[in-house]
Amino acid sequence: MGPRVLVVDDDPDMRLAMHEVLIDEGLDVEVAADGREALDRARTRRPALVILDITLPVLDGFTVADELRLRFGLVPILAVTADGRAAYKARRVGAYAYLRKPFELETLVSLVKRGLADP
Amino acid sequence: MATDERGPAGDGTPDAARLSELLELTQDAILVREVATSVVTYWNRGAQRLYGWTREQARGRVTHELLATRFPVSREAVDASLVQDGFWEGELIHRRRDGSHVVVASRQAIQRDASGTPQAILEINTDITERKAAEAEHLRLAAEQRARQLAERALDRLARLQRLTGALSQALTPAEVGSLVIEHVVSAFGARGGAVRAVAPGSNGPRGLAARGEALGDNGPAADTAVVPLIVDGRVLGEIVLRFDGGRTLEREDRELLEVLASQCAQALERARLYELAVSAHEDLRRSRDQLAAILGGVAEGVTVQDAQGKLVYANDVAARLCGFESGEALLGATGEEVLRRFSLFDEDGRPLSTEHLPGRQLLRGLEAPELVIQVGDPLTGACRWSIVNSAVVRDAEGQLQLVVNIFRDITERKRQTDVAALLAAASRALSETLDPLAGVQRVADLAVVSVADYCAVDLLGGVGYSAQRVCSIRPGEETRALADALGTGDPVAGEAEAAHLVARLSAPLRARGQTFGTLSLGAVSAGRRLGPAEQTLVEDLAARTALALDNARLYREAHEHAEHQATLNAALRETIAERDRALEDLRQALRTRDEFLASASHDLKNPLASIKATAQLLRRRLDRAETVDVARLMEGLRRLDAIATRAAGLVEELLDLARMQMGRPLDLERAPTDLVALVREIAAEQQQGTERHVLAVEADEPAVVGAWDAGRLARVLTNLVDNALKYSPGGGRVSIAVRRAAGDSGQEWATVDVRDEGMGIPSAELDRIFDRFHRASNVEGRISGTGIGLASARHILESHGGSISVSSQEGMGSVFTVRLPLQAAGVDAEGAST
């Protein structure tokens, strides 16, 4: 099993697509539907990388990012967002890269690989 | 008509069009009217602004009728001036459409065609209402100040006169009189110096009685010198000479006062001369009685002489006539009782007076005896004469009282003049003190009948700020009763009543600044009251002051009304501005929320698109990699694509509904038999999948509640409510959804759905507004994502069904949203619903 990747997205279809494509790449993938669930999953086992949708119910992406860093130090975050000002939001969560929805799965895969290779 | 569209330039050429455009831009009201009819043919935007009538309303109307023009003289005069000079300039008063008045500076010119025939009249009117109001206010203040000055001066003159008169009554020798007078006048008139000189009988020139300040040369009158003769009964006794600095001369009023003072001085001198005569004659009184009589018989004053016992030993004819006798001899020959029967004596205030109080009697008893003012009434005619009595004692060498000399000076005329001056002063004060001009006028009439007339009437013409009316006053008493009764019967007979009862009547017009307000009249009912040339002056003076006060009050009122009108306009303007600001703020808020909504909506739409794209790519990757196609996985992927597309289509539907709602359009409902219980269960099951922290429970009394509803839209409403319940109870907990059937009024059956959560609730102050578009409660704003349109949309959908949505909530305890739907919707046949 490869490095552990946590996918946080409130859209079930998006979650499923990302989950399956990353599994196909041989990674250990976990999913969460909202901010709180993401923190619960991360607590259980520290992820090597987090794919984080910024607009989330219950706790938003900014809070989740702050909590993750507080608990685990530097975790590479790949930000995902559907609305404008993606670059700004990505900088705010301290992401190493960001994806604007809709995006190419190929791009997702290559950004994840880069994030895991160069922590 | 084509001609009506032309500008004032007339011929419709490009130049004329440009001119026309220019005329539209000017602030002034510009209009063109026909020469013969005054019908408006052109009316610019300035005219529309000034008068409130639009071009369409004004055209074809007669100018002076439309604007109710008030001309300075007459309309004919303006037209005549236009025809003669081709031009007229002046001020007009116009009425606006709203009924208010405006003062304009109007310039009018005749336009002629090539042959010189008058074509039209061009009017350029500039609004000068504000300027006129300011001018009127200025005039009013100036006039008020002038009236006050007049009143103060009149009172000042009276006070000076009284002071000097009092002092003079004590003076017994010409030298005393001279020094009193000169001291008084030099200081009163600010002279450098002055002298009183008397003409001695038989000498060539006057001799100095008293002088003060710079000695006066004998060079005669110079430019800086005022000389006033001292005259009694046509005889020149001397003169007062005053010298001023730097060629200053006396003003008219000062000169008048000086003349009155000179007359007082002359009388005092005459009296002093009489005393001297009486004293010098004393020694040989018995011997030369005839000589004394010859001297005293010719003077204007009444002179009587009493001996030490009070017996009358001499009286001249003037004194005798005062007591009702023909001659001094007749008076001396009459008994005491007879004398007292001939006349009645009153004090200054009209109270009966005993002869014991006369100064001569007082002196005989060794008391002080100042000058006394008395009224002597003729018991037969009732006419009263006013006199001043001065008495002096003549003593012998041992100081024994020998004689008392009494001098009676008739002051009836002087008293009358003083009364007139006092009346004018009081009238000025009454007019300037009251804010109500008519009350001031009434007060003037009352004052006039107290001192100078039996009857005073002020008749106002009407039309110059006052309505036509009569203000009058009648002296109370027996004499005037008949007149009062006649006038009491009403105005129409006023003229007849006056004619029948008045023996004399004087009138003067009430005129001020070119305006005539009416007339002021004084009347007398008996011959005893004289109305002569002096009263004519008084009437004119009273009328002038009254008219000035009326005009001031009118100007003041107009200025005040104008100011009030302005204030109202300003208030309305402020209100309009505030309204516009509020509307602008509302608009800004709407734009802000719309922007937020658009951002949120694009996010919502991008999500399913992203899912479709990702799912499709995933399937392709798998097909690329796998040697054999896994049909089951492919089918699963396609099913998901289909579901997401359906969800996206629903979202688009929802946005379209919102757009309709924003435009106020009704929804095009797709009604079909729908089971609410099944729908709720489906939604609950679906939502339960997305959460582990919440427990969703469905309660239903009946297995099915079916109505003719738009299932898709209801699903959206209910999903939204359940979604909210989950979203706003982030700590988890129970969310219950209860479906019931309820009977309402008049047999109408309802289906209700309660969605109850145990979440954060809604602040009570905001419950009323949560169904408003874009409104989000303050306790979730910025913390929980949302567009603020879900509940507004829900209400729209439910109301389109004939149903409703309501909420009850307690902050921190949770909320209950209640949906009500009619089971038989109006306009939907029962058959369709029960299928």
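These legends walk through several close-up views of a predicted model. Residues are numbered from 1 along each chain as its sequence is written, and chains are lettered from A and ligands numbered from 1 in the order in which they are written.

**View 1**
Start with the overall layout: chain A has five strands and five helices, and along the sequence they come in the order β-α-β-α-β-α-β-α-β-α. Helices (H or I, at least four residues) and strands (E, at least two) are DSSP runs, numbered from the N terminus. Of its 119 residues, 55% count as buried. Here buried means under 20% relative accessible area, exposed means over 50%, and partly exposed lies in between (1.4 Å probe, protein chains only). The accessible surface of chain A is about 5,100 Å², and 51% of that belongs to carbon and sulfur atoms. Such areas come from the Shrake-Rupley method with a 1.4 Å probe, and for residues only the protein chains shown count as cover. Among the contacts in chain A with a separation of 6 or more, 61% are between residues 24 or more positions apart; a contact means heavy atoms within 4.5 Å.

**View 1. Chain B meets chain A.**
How many residues does each chain bring to the contact? Chain A and chain B bring 22 residues each. Together the two chains bury about 2,400 Å², 48% of it on carbon and sulfur atoms. Buried area is the accessible area (1.4 Å probe) that two parts lose on being put together, summed over both. On the chain B side, B:H603, B:R621 and B:R693 lose the most area to chain A, together 24% of what that side buries.

On the side of chain B that touches chain A, α18 (533-625) and α19 (631-662) each supply at least two residues. The largest share, 15 residues, comes from α18(B).

**View 2. A:R45 and A:D28 reach across chain A.**
These two side chains meet in a salt bridge (3.1 Å, N to O). A:R45 sits in the loop between α2 (35-44) and β3 (49-53), while A:D28 sits in strand β2 (residues 28-32), so the pair ties together parts 17 residues apart in sequence. Is each residue buried or partly exposed? A:R45 is partly exposed at 46% relative accessibility, whereas A:D28 is buried at 12%. Both belong to a network of salt bridges that links A:R4, A:D28, A:E30, A:E37, A:R41 and A:R45.

**View 3. Two salt bridges lie within chain B.**
In one pair, B:R713 joins B:E653, with the closest N and O atoms 4.0 Å apart. B:R713 is in helix α21 (residues 711-727) and B:E653 is in helix α19, 60 residues apart, so this pair links distant parts of the chain. B:R713 is buried at 5% relative accessibility, and B:E653 is partly exposed at 35%. In another pair, B:R741 joins B:E702, with the closest N and O atoms 3.0 Å apart.

**View 4. Helix α22 of chain B is largely enclosed.**
Eight of the 11 residues of helix α22 (residues 790-800) are buried, so the rest of the structure largely encloses this helix. Among the buried residues are B:L791, B:A794 and B:L798. Just after α22(B), B:G802 takes a positive phi of about 85 degrees.

Key. This is a predicted model: local features need pLDDT of at least 70, side-chain atom pairs count only at pLDDT 80 or more; totals for chains, interfaces and linings use all residues. Side-chain values use heavy atoms; hydrogens and water are left out.
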